[in-house]
Amino acid sequence: MAGEREIAIVDDDASVSQAVERLLTAAGWSVHSFPSAEVFLEWDGRKSISLLILDIHLPGISGLELYQQLAQAGPAPPVIFITGHDRPFIRQKAEQFGAAAYLVKPFQGRQLLEIVRRYLNAA
């Protein structure tokens, strides 16, 4: 069942966060949204996350820095990096981190759903 897996979205763009959260909630998953890496890091439930949707360009700690911190602290969940500012060197960095996907905003909801289903069904 989709709802058995928890997904976290970290994005400072509230409209993107809301849209992604609604899409994934409608598909049956439990979703938690955070406006910054710092707020996510303060959340006690972060170790229960099965998939992380992470904006690369965040104020303060960037999405790439957040993922690097999580990976250094132990096994990090699969990550889908999202960005409104596609840059080849950033895409390369995301690939080096083993990103499940790298999506450029605006992206199609069905594309995101396919990626989420693939990774959460494989887990």
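Helices (H or I, at least four residues) and strands (E, at least two) are DSSP runs, numbered from the N terminus. The views below show a predicted model, in which local features need pLDDT of at least 70, side-chain atom pairs count only at pLDDT 80 or more, and totals for chains, interfaces and linings use all residues. Residues are numbered from 1 along each chain as its sequence is written, and side-chain values use heavy atoms, with hydrogens and water left out.

View 1. The chain holds five helices and five strands. Along the sequence these elements follow the pattern β-α-β-α-β-α-β-α-β-α. The C-alpha atoms fill a box of roughly 35 × 30 × 25 Å along the principal axes. The radius of gyration, taken over C-alpha atoms, is compared here with a globule rule of 2.2 Å times the number of residues to the power 0.38. For 123 residues a compact globule would have a value near 14 Å, and the 13 Å of the chain agrees with this. Contact means heavy atoms within 4.5 Å. Of the contacts in the chain with a separation of 6 or more, 60% are between residues 24 or more positions apart.

**View 2. Val-31 in strand β2.** Val-31 is found in strand β2, which spans residues 30-34. Residues are classed by relative accessible area: buried means under 20%, exposed over 50%, and partly exposed in between (1.4 Å probe, protein chains only). With a relative accessible area of 11%, Val-31 is buried. Leaving aside neighbours within four places in sequence, Val-31 is in contact with Ile-7, Ile-9, Glu-21, Leu-24 and Thr-25. The C-alpha atoms of Val-31 and Leu-51 are separated by 9.7 Å, and the two residues are 20 residues apart along the chain.

**View 3. Ala-8 in strand β1.** Strand β1 (residues 6-10) contains Ala-8. The relative accessibility of Ala-8 is 0%, so this residue counts as buried. Ala-8 and Val-31 are 23 residues apart along the chain, with their C-alpha atoms separated by 5.8 Å. When residues up to four places away in sequence are not counted, Ala-8 touches His-32, Phe-34, Phe-40, Ile-49, Leu-51, Leu-52 and Ile-53.

View 4. Rings of Phe, Tyr and Trp (its six-membered ring) pair if their centres lie within 6.5 Å; planes under 30 degrees apart count as stacked, over 60 as edge-to-face and the rest as tilted. A search of the whole structure finds five aromatic pairs. One of these joins Phe-34 and Trp-43, a tilted pair at 5.0 Å centre to centre with 45° between the planes. Phe-34 is buried at a relative accessible area of 7%, whereas Trp-43 is partly exposed at 21%. Ring pairs link Phe-34, Phe-40 and Trp-43 into a cluster.

**View 5. The pair of Tyr-67 and Phe-97.** The ring centres of Tyr-67 and Phe-97 are 6.2 Å apart and their planes stand at 45°, so this pair is tilted. The pair links distant parts of the chain, 30 residues apart: Tyr-67 belongs to helix α3 (residues 63-73), and Phe-97 to the loop between α4 (88-96) and β5 (101-104). Tyr-67 is buried, with a relative accessible area of 7%, while Phe-97 counts as partly exposed at 21% relative accessibility.

View 6. Pro-106 is found in the loop between β5 and α5 (109-122). The peptide bond from Lys-105 to Pro-106 is cis, with omega near -5°. Most peptide bonds are trans.
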